[in-house]
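We will go from stop to stop, and each one begins with something to select.

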Amino acid sequence: MPLWQELPLLLIVAFCLAVLIRTFLVQAFFIPSGSMEETLLVGDRVLVNKVLYDIREPMRGEVVVFEGPANWAPENQVDKDAGFFAELGRTVGDLVGFSQPGEKDFIKRVIGLPGDTVSCCDVQGRVFVNGYPLDESAYVYEDSPLDATPNPKQCTARRFGPIKVEPGQMFVMGDHRGVSQDSRCQGQVPIDNVIGRAFVILWPSGRWGWLPVPDTFKNVPKSASGPAGPRVTKAPELPLVPDMVLAPLAVSLTVSTRSARQERLRRRRW
């Protein structure tokens, strides 16, 4: 096929592949607020594994993207009066996984699972899960004041609980405890609302890096009731997901370059 016919076809194929990948495998998620600082900054883009929790349940310490329950106040304000072209760009961006999140999309760290008892604090201001004190120094930024009076409608105090995580629910908190509105004051989140696990910072390039589970969660004892953890001992991760996302575009450029060379050779022969 001539280049002018082949290139649009390849772009359509690449777009369709990107939509399929976004729908079933991974999605790029834009960080809209400072509730996960300094782990995630406003404007960061992370890749979210959307198939992992089809295989197993979330684990404590993982950073997850989820749809907030109806009672959760939105962290990201969406301009509902945007013009036609802005809405069109947002729709196309959402199809390929590079749009800003909706009002009810949240990203937090899983602290407690069904059956767990979560509370805070001891004299050192630590969060307890099933009686085990978490060492959160590696990821918590600007914690809430220890001496502030607990407010059930605002996460302005560090003290809360003890709270028993209900079946099918999870207890989540932001890493920037001083500003994060999370399960401390907004309630637990249904596990069925989870969109996927954020596992790598994709952009900006200077902040590229994985989002591992902190070591402190490996020592949390099993809860007295409810599931102890994932349904399988190890689930397949997607370490090469960025390559999967970029592959269609790379193939398109490679084939197009080859076609252009062939076209030039034909003209020389003529």
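Select Cys155 and Cys185: both are buried, where buried means under 20% relative accessible area, exposed over 50% and partly exposed in between (1.4 Å probe, protein chains only). A disulfide joins them, S to S 2.1 Å; the term stands for a pair of cysteine sulfur atoms within 2.5 Å. Because the torsion about the S-S bond of Cys155 and Cys185 is about -95°, this disulfide is left-handed. Now colour by secondary structure. Cys155 lies in the loop between β7 and β8 and Cys185 in helix α3 (residues 183-186), so the pair ties together parts that are 30 residues apart in sequence. Helices (H or I, at least four residues) and strands (E, at least two) are DSSP runs, numbered from the N terminus.

Before moving on, a note on what is on screen. This is a predicted model: local features need pLDDT of at least 70, side-chain atom pairs count only at pLDDT 80 or more, and totals for chains, interfaces and linings use all residues. Residues are numbered from 1 along each chain as its sequence is written, and side-chain values use heavy atoms, with hydrogens and water left out.

How many disulfides does the structure hold? There are 2. For the other stop, select Cys120 and Cys121, which a disulfide joins with S to S 1.8 Å. Its S-S torsion is about 85°, so this disulfide is right-handed. Cys120 is buried at 7% relative accessibility. Cys121 is buried too, at 18%. With the bonded cysteines of the chain numbered in sequence order, the pairing reads 1-2, 3-4.

Next, the rings. Rings of Phe, Tyr and Trp (its six-membered ring) pair if their centres lie within 6.5 Å; planes under 30 degrees apart count as stacked, over 60 as edge-to-face and the rest as tilted. The count by this rule is 7 aromatic pairs. Select Phe66 and Trp72: this pair is edge-to-face, 5.5 Å centre to centre, with 90° between the planes. Phe66 is buried at 0% relative accessibility, and Trp72 is buried at 2%.

Jump to Tyr139 and Phe217. Their pair is stacked, 6.2 Å centre to centre, with 25° between the planes. Tyr139 lies in the loop between β7 (132-133) and β8 (160-164) and Phe217 in the loop between β12 (209-210) and α4 (241-269), so the pair ties together parts that are 78 residues apart in sequence. Tyr139 and Phe217 are both buried.

Ring pairs link Phe66, Trp72 and Phe106 into a cluster.

The last stop is strand β11, residues 194-203. Of its 10 residues, 7 are buried. Which strands pair with β11 in the antiparallel sense? Among them is β2 (residues 45-49), over 5 bridges; two strands pair if DSSP finds at least two bridges between them. Select Asn49 to find its bridge partner in β11, Arg197. Strand β3 (residues 63-67) pairs with β11 over 3 bridges, and here Val65 stands opposite Gly196. Strand β12 pairs with β11 over 2 bridges. There, Val200 stands opposite Trp210. Finish on the hairpin, which joins β11 to β12 through 5 residues.
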